[in-house]
Amino acid sequence: MIVREWCMYCGECAGVCPLNIIQVRELTLEFDEEKCNNCKICVKACPVNALEEEVV
Ligand code: SF4
Ligand code: SF4
């Protein structure tokens, strides 16, 4: 997951992830990418559109 620089670390995305794999730390977001199922709920939940799915 790509986190854009305008992320304000509000924790909204972490709160909606059904797998609970997003951790908000001080000025970083950690994703357990191995477990992510790409449901994009976090992407849609971000109020400032700061998340973008990495295309591999
Ligand atoms: S919801 Fe958006 S602004 Fe809030 S912590 Fe997640 S990525 Fe950052
Ligand atoms: S895409 Fe879905 S599973 Fe992956 S971090 Fe976002 S909400 Fe969680």
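Start by selecting ligand 1 and its shell: Cys7, Met8, Tyr9, Cys10, Gly11, Glu12, Cys13, Leu29, Cys46, Pro47, Val48 and Leu51 surround the ligand. Keep in mind as you look around that this is a predicted model. Color the shell by class and you will find 10 nonpolar, 1 polar and 1 charged residues around ligand 1.

Stay with one member of that shell, Cys13. Is cysteine 13 buried or exposed? Its relative accessible area is 8%, which is under the 20% cut-off, so cysteine 13 is buried.

Next, move to ligand 2. Its shell has 13 residues, and those that come nearest are Cys17, Cys36, Cys39, Lys40 and Cys42. By class, this shell divides into 10 nonpolar, 2 polar and 1 charged. Click on cysteine 36 here: with a relative accessibility of 24%, this residue counts as partly exposed.

Now zoom out and switch to a cartoon of the protein chain. You can pick out 2 helices and 4 strands, and walking from the N terminus the order is β-α-β-β-α-β. The radius of gyration is 10 Å, close to the 10 Å from the globule rule for 56 residues, so the chain is as compact as a globular protein of that length. The C-alpha trace spans about 25 × 20 × 15 Å along its principal axes.

Finish with the surface. The protein chain exposes about 4,100 Å², 49% of it supplied by carbon and sulfur atoms, while 25% of the 56 residues count as buried.

Definitions and conventions
Residues are numbered from 1 along each chain as its sequence is written. Chains are lettered from A and ligands numbered from 1 in the order in which they are written. This is a predicted model: local features need pLDDT of at least 70, side-chain atom pairs count only at pLDDT 80 or more; totals for chains, interfaces and linings use all residues. Side-chain values use heavy atoms; hydrogens and water are left out. Buried means under 20% relative accessible area, exposed over 50%, partly exposed in between (1.4 Å probe, protein chains only). A residue is near a molecule or strand if one of its heavy atoms lies within 4 Å of it. Ala, Val, Leu, Ile, Met, Phe, Trp, Tyr, Cys and Pro count as nonpolar, Asp, Glu, Lys and Arg as charged, and the others, Gly among them, as polar. The radius of gyration is taken over C-alpha atoms; the globule rule is 2.2 Å times the number of residues to the power 0.38. Accessible areas come from the Shrake-Rupley method with a 1.4 Å probe; for residues, only the protein chains shown count as cover.
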